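Hi everyone, thanks for coming. Let's walk through one protein model together, piece by piece, so please have a look at it first.

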Amino acid sequence: MLGQIAIAALSVHSVAKSFGGARVVKDVSLAIRPGEFISLLGPSGCGKTTLLRMIAGLEMPDSGTIALGDKDITGVPVWQRNIGVVFQNYALFPHMTVAENIAFGLRTRKVSRTTIEAKVRDALKLVRLDDFGPRSTEKLSGGQKQRVALARALVTDPKLLLLDEPLGALDRKLREQMQVELKMLQREIGITTLMVTHDQEEALTLSDRIAVMSDGRILQDDSPKEIYERPRDAFVADFIGMSNLMQGKVVEFDGKKRIAISEKAVLELPPDAISAAHVSIFVRPEKLSLDEVPGAAGSSLPGKIVHVSYSGSVTHCFVDVGLQKPLTVLITNRSSRDDEGPRVGQPIWVNWDARNIVVL
Ligand code: ATP
């Protein structure tokens with residue numbers, strides 16, 4: 001990926017960091033194109049915040065280099081990096097007004113008073129808090145605080161915006177609304193952005209590219225669609241969405257290669273699958289369908305519904321097909337209000353198109 005980028009806005013090269021002998025970031029390389037929105041996605045403790053803090057200049061890497069454009073900033077102090085940072089808890093100064101909070105970075109740069117006033121006004125407008133300048137930050141809602149933090153990070157015209165779980169403290173509805181706002185704002189000003197999150201839905205929604213991290217390493221760095229449709233390994237497949245992971249043995253059947261996932265169930269392989277003797281396969285819940293009759297041989301399993309989870313527009317059905325774990329099938333609730341929908345205990349066929357089986 002690095003080789004494909006002519007002049008990256010940010011290049012992280014072989015960066016490593018240990019705390020008290022524990023290696024929390026292991027030889028990570030990453031490049032971001034100008035204007036790109038990239039997410040570092042991974043479970044708690046995988047090292048993503050440490051990587052962000054090294055880029056911000058709040059931690060020093062043990063080895064490796066970090067460059068903004070063509071300038072090596074590995075040893076440059078935080079205040080000279082020209083990077084805007086938004087933290088999950090916003091880190092606003094409680095004794096200052098909204099305008100004073102936003103102006104803080106400009107004051108430390110000794111910018112003239114009239115320039116500060118104009119820039120603060122523009123920043124407030126950008127985050128749609130035009131009249132909020134004189135207010136105390138303590139009385140703001142979570143969403144408003146988040147916008148002030150964003151305005152404060154952007155007011156110095158940084159080359160890079162770093163977001164550390166920026167929407168983590170907001171409730172679900174506001175979070176979804178702010179996701180749209182954040183993405184629109186980022187596109188409008190075209191700022192290169194790196195966000196840390198453990199929320200896979202948020203990463204899929206906002207990012208041009210996602211770097212999935214586990215145990216101090218980047219496992220896959222790709223577009224959201226590639227990450228979802230073609231995860232490189234079982235960890236990525238399972239971390240992003242529901243995966244219906246299964247283990248199988250490759251067997252010859254009717255002169256064709258197929259996958260035996262149990263003594264009774266032999267599945268058709270997708271046409272381009274590369275097969276070792278044993279494989280992990282998965283199929284996303286929305287690629288499966290429920291039917292009263294079987295589908296094509298090798299792309300259909302009989303089962304019984306063991307659990308139904310209704311959530312308004314969609315329903316997740318858990319179907320026991322005789323494997324270790326039930327298969328999860330997602331159905332969209334398009335039928336009329338009077339339809340009963342799937343029932344627990346109902347015998348059913350799970351059908352799919354063989355092309356939607358992903359072999360890892
Ligand atoms: P979370 O989402 O929970 O913040 P994360 O993926 O961002 O997790 P980090 O915060 O980077 O993970 O932490 C990675 C590991 O490094 C953790 O085990 C953490 O306890 C440890 N760690 C982070 N900062 C320090 C520090 N200053 N001193 C010692 N250990 C640290």
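**Sheets, hairpins and helices**

Let me start with an open sheet of 5 strands, in the order E15-E19-E16-E17-E18, with antiparallel pairing. At the edges stand strand E15 (288–291) and strand E18 (327–332), each with a single partner strand, so one side of each has no neighbour in the sheet. From one strand to the next, the twist averages 45 degrees.

Before I go on, a word about what we are looking at. This is a predicted model, in which local features need pLDDT of at least 70 and side-chain atom pairs count only at pLDDT 80 or more, while totals for chains, interfaces and linings use all residues. Residues are numbered from 1 along each chain as its sequence is written.

Strands (E, at least two residues) and helices (H or I, at least four residues) are DSSP runs, numbered from the N terminus. Two strands pair if DSSP finds at least two bridges between them. For angles, axes are lines fitted to C-alpha atoms, for helices over the stretch in contact, and the angles run from 0 to 180 degrees between N-to-C directions.

Back to that sheet for a moment. Strand E17 (residues 314–320) is joined to E18 by 6 bridges, and the two run antiparallel. Within that pair, valine 319 stands opposite leucine 327 in E18.

Now let's move to another part of the chain. UniProt, in an unreviewed entry, lists residues 10–240 as "domain: ABC transporter". UniProt positions are given in the numbering used here, feature names are shortened, and annotations may be inferred rather than shown by experiment. Over residues 10–240 the chain is 36% helix and 26% strand, with the end C-alpha atoms 25 Å apart.

Here we meet an open sheet of 4 strands, ordered E2-E1-E4-E5, again with antiparallel pairing. Which strands stand at its edges? They are strand E2 (22–32) and strand E5 (71–72), and each has a single partner strand, so one side of each is left without a neighbour in the sheet.

Strand E1 (residues 10–19) pairs with E2 over 7 bridges, in the antiparallel sense. Serine 18 has arginine 23 in E2 as its bridge partner, and phenylalanine 19 has alanine 22. E1 and E2 form a hairpin with 2 residues between them, and glycine 20 in the turn has a positive phi of about 50 degrees.

E1 is also joined to E4, by 5 bridges, and these two run antiparallel.

Alanine 211 has aspartate 221 in E10 as its bridge partner. This hairpin has 2 residues between the strands, and aspartate 215 takes a positive phi near 50 degrees.

Finally, the helices. Helix H2 (residues 98–108) and helix H4 (residues 142–154) pack at an angle of about 30 degrees, with their axes 7 Å apart. H2 and H4 are therefore roughly parallel to each other. The rule here is that angles under 35 degrees count as roughly parallel, over 145 as roughly antiparallel, 65 to 115 as roughly perpendicular and the rest as oblique. Their contact (C-beta atoms, placed from the backbone, within 7 Å) is made by Val98, Asn101, Ile102, Phe104 and Gly105 of H2 and Val148, Ala151 and Arg152 of H4.

H2 also packs with helix H3 (residues 113–126), at an angle of about 130 degrees and with the axes 10 Å apart. H2 and H3 are therefore oblique to each other. On the H2 side we find Ala99, Ile102, Ala103, Leu106 and Arg107, which meet Ile116, Lys119, Val120, Ala123 and Leu124 in H3.

That's my tour, and I'm happy to take your questions!

Technical notes
Contact = placed C-beta atoms within 7 Å.
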